[in-house]
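Hello! Here are some notes to read alongside the model. Please keep the view open as you go through the points.

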Amino acid sequence: MPPPVRPTATCGTLEARVGGRAIVLIDTASNREAVTVTPIDEPFKGHTGYVFSVAFTPDGRTLAVATGQPKGPPLKGHTSAVWSVAFTPDGRTLASGSGDN
C-alpha cells in the first residue's frame, strides 16, 4: 500500500520528491528534473516497496530513504521495516522509526 502522503525533502535548491516506488530529484531553481532513482536501482537494490520517507543531511550530500523494508546497514538493529528517517541538525546522526522501536 502506498504511503498516505508523498514525502519530500529539500536542501538548498535540490528537492527529493517521491512518487510511489521512485525518487525524483528536482532542481528547484529551474524546476527541472535532475535525476530519477527507483529503489530497484543502486544504491537501493533489493528494495521493491514504496518510499515512505526521505531526508537530506543539512549539507545536501546524503539522502536517506525509508522504503518500509528491512535492508541492513546503515540501519542495523531494526527487526521490522523502517518507515521514517531524519538527520540531526549537524548531519552526523540518522534517526529512524520502525515498528520495532
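1. A contact here means heavy atoms within 4.5 Å. Among contacts in the protein chain between residues at least 6 apart in sequence, 32% join residues at least 24 apart.

2. A word on the source: this is a predicted model, where local features need pLDDT of at least 70, side-chain atom pairs count only at pLDDT 80 or more, and totals for chains, interfaces and linings use all residues. Residues are numbered from 1 along each chain as its sequence is written, and side-chain values use heavy atoms, with hydrogens and water left out.

3. The protein chain has eight strands and zero helices (DSSP runs numbered from the N terminus: E, at least two residues, for strands; H or I, at least four, for helices). Of its 101 residues, 36% count as buried, that is, under 20% relative accessible area with a 1.4 Å probe, protein chains only.

4. The largest nonpolar core has ten residues, including Cys11, Leu25, Val54 and Phe56. Such a core is a set of buried Ala, Val, Leu, Ile, Met, Phe, Trp, Tyr and Cys residues joined through side-chain atoms within 4.5 Å. At least two of its residues come from each of β1 (8–11), β2 (14–19), β3 (22–27) and β5. Among the residues that Leu25 touches, leaving out those up to four places away in sequence, are Phe56 and Leu63.

5. Do look at Thr57, in the loop between β5 (53–56) and β6 (63–66). Thr57 is buried, at 6% relative accessible area. Beyond four places in sequence, Thr57 touches Cys11, Thr62, Phe87 and Gly91.

Terms used:
Buried means under 20% relative accessible area, exposed over 50%, partly exposed in between (1.4 Å probe, protein chains only).
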